[in-house]
Structures are given as C-alpha cells and as structure tokens.
Amino acid sequence: MVFEAAARHESFTKAGAELALTQSAICRQIAGLEDFLGVLLFHRTKRGVALTEAGLTYSRQVSVRLNAVERDTLELMARRGQGGSLELAVVPTFATKWLMPRLASFQKNHPDITINLTTRTRPFLFNETEFDASIHCGDANWPGTEACYLMRENLVPVCSPQLIAPGTKLAPGQLQKYPLLQQTTRPYAWHQWFESLELQVEHDMTGPRYELFSMLSQAAMLAMGIALIPPFLIENELKEGLLTIPVAHPFVSDKSYYFIYPASKSGSTALNHFRDWLEAEAIAYRQDAGLD
C-alpha cells in the first residue's frame, strides 16, 4: 500500500498525507522495500522523487493486483458471503452468438452468481491464470482438469448473396472458383469439407486467414469469398439474407465445444450450478439442431 501510494503520487509527502503517515515513515518503508528487493525503485532528487524504470514496471504490476483485491473485497462485502462469481475464458464468437442469448436465464435463476467472460482462443494452464473454467473448442484433455461435452461443430459454406445469388444451383466443386476464406485455428477445414464429398481441390488451403468466426462472417458478408461457419453462429445473418448457403452440405468437423475446469474446483457450488445449466442448454440445442 505504501509503495503503491508513493508510486501513484511520485511523492513521499503526498503518500504520507493519504495514509496518515509522516514523510519520514514513508521514506523508511520504501528504503526497506528497496533493500529487500535489491532494486532501486525511486530516484531521489532535490525536487523530490521519481520512479526508476524498474519502479515503474513494479508499480504497474502491484496496481493490477491491488485493484483485483479491491474488486474481490467489494464483491464479498456486497454479497455478504453469499453466492459468488465465476471467471470464464471463452471462445469469442461462441460466447457472443450462442452463450450470451441464453445467459439471462441462468442469471434469473441464480442472481447471486456473477459470470465474468474473457476471450481466449488457445489452450492455457489454469494455475497461471485467474480463470475458474473455460469454454473451449478443440481438445478437452487439459492436464488436471475435468470436462463437460457441449456439442460438435458442424460447418456449412456461406457467402454474400452479392457473390452468389440465392437459389443458384452449384455443384460443390464449383466453389473452388471463388476465394475460400480460411479460419486460422482450422487450417484444414476446407480440405476436409471437399474430402467429405470425395473431391480433391488443389487450392483448398489457400485464401485470406482470419482468427475469429466473427471476422469470417464479416468478410463473407462483404463478398470477399466463401466461409465455412457453424450455422448457430450466424442465425440472424442467414434470416436477414445477409448470408446465403450456396451448397447445402453441412460437415461435422473434428472439433467439439467443451466446458473445462480444474479438478480442484469440482466442489465449487457456483461452478456446479453453471456447469449443470450449461450442459442442459447444450443438450436442448443438440436435440433441436439434430446434432446428437
């Protein structure tokens, strides 16, 4: 606290006034911290003090952690020990298009549980983050975790009606005449789609690459090419005629969506409530979409 205040003000006198300590007490505590770290945190001049480069870096790190402590403290005080919160890492387009429209029903039934979402597109180690769980598309065999299956990923080709007019009858092989928009984390998607039709296309892995499905759908709507996207991520775009399906051949990819969490958190009441709700929502969706 003393260092954070001194770093924020870049003044021992102002830090002392904020913390009801004397300027000399602040100076002694900072000097003791510098001795302990073996690093000079402040330059002392006749005009006062200024952070060193090391001090600036350290102050940013300390500030982030103190802000997190303050946030958690205020949340605990507000809830008086009831309920809780979950920090979820989520694949972004799935969270926006599938999870968010359903999340209000969970909040209605569990108003004491707060769900915080942060986007992550790649696997990670839970012990290196503050996440309680993850909704991930791909391999669920993360070390030290448990997983709940949600759904397989089915892909359909979509494009702007400006590129291919709705109702136009195309053979699957004719799609290779158009730019094939690629998904960074699914580099073989088009190859597998053509292969499922027993077709060999020379340039099926060539084309602009985008990391997120939201980027793919936007590029497709702008008539930049044809994209392979799960229908549940573009329901509104299909209904509004912003995207059309030129060849009705859905392809179930080798990827699935999972809810993954550390085994050490399996006793969390908040996590279990959310997992059970999420699993029920996924089962209902699979049944409606015919994915089981």
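In which loop does Lys177 lie? Lys177 is found in the loop between β6 (145-158) and β7 (182-183).

The legends below concern a predicted model, in which local features need pLDDT of at least 70 and side-chain atom pairs count only at pLDDT 80 or more, while totals for chains, interfaces and linings use all residues. Residues are numbered from 1 along each chain as its sequence is written, and side-chain values use heavy atoms, with hydrogens and water left out.

Figure 1. Helices (H or I, at least four residues) and strands (E, at least two) are DSSP runs, numbered from the N terminus. A residue is buried under 20% relative accessible area, exposed over 50% and partly exposed in between (1.4 Å probe, protein chains only). The C-alpha atoms of Lys177 and Gly225 are 10.0 Å apart in space, although 48 residues separate them in sequence. From Ser264 to Glu146 the C-alpha distance is 9.2 Å, across 118 residues of sequence.

**Figure 2. The aromatic pair of Trp98 and Tyr285.** A pair of aromatic rings is described by the distance of the centres and the angle of the planes. Rings of Phe, Tyr and Trp (its six-membered ring) pair if their centres lie within 6.5 Å; planes under 30 degrees apart count as stacked, over 60 as edge-to-face and the rest as tilted. By this rule there are 22 aromatic pairs. In one of them, Trp98 and Tyr285, the ring centres are 6.2 Å apart and the planes stand at 80°, so the pair is edge-to-face. Because Trp98 belongs to helix α5 (residues 92-109) and Tyr285 to helix α9 (residues 269-289), the pair ties together parts that are 187 residues apart in sequence. Trp98 is buried, at 1% relative accessible area, and Tyr285 is also buried, at 11%. One aromatic cluster is formed by Phe94, Trp98, Phe232, Tyr257 and Tyr285.

**Figure 3. The rings of Trp193 and Phe194.** Here the ring centres of Trp193 and Phe194 are 5.1 Å apart with planes at 80°, so this pair is edge-to-face. Trp193 is buried, with a relative accessible area of 0%, and Phe194 is likewise buried, at 0%.

**Figure 4. The contact of helix α2 with helix α3.** The axes of α2 (residues 12-19) and α3 (residues 23-37) come within 8 Å and cross at roughly 110°; axes are lines fitted to C-alpha atoms, for helices over the stretch in contact, and angles run from 0 to 180 degrees between N-to-C directions. The two helices are therefore roughly perpendicular, a term for angles of 65 to 115 degrees, whereas under 35 is roughly parallel, over 145 roughly antiparallel and the rest oblique. Contact means heavy atoms within 4.5 Å. Phe12, Thr13, Ala15, Gly16 and Leu19 of α2 meet Gln23, Ile26, Cys27 and Ile30 of α3.

**Figure 5. Helix α1 and its residue Glu4.** Six of the eight residues of helix α1 (residues 2-9) are buried, so that the helix is mostly covered. Glu4 is one of these buried residues, with a relative accessibility of 17%. Leaving aside residues up to four places away in sequence, Glu4 touches Val62 and Leu66. After α1 comes Glu10, whose phi is positive, near 50°.
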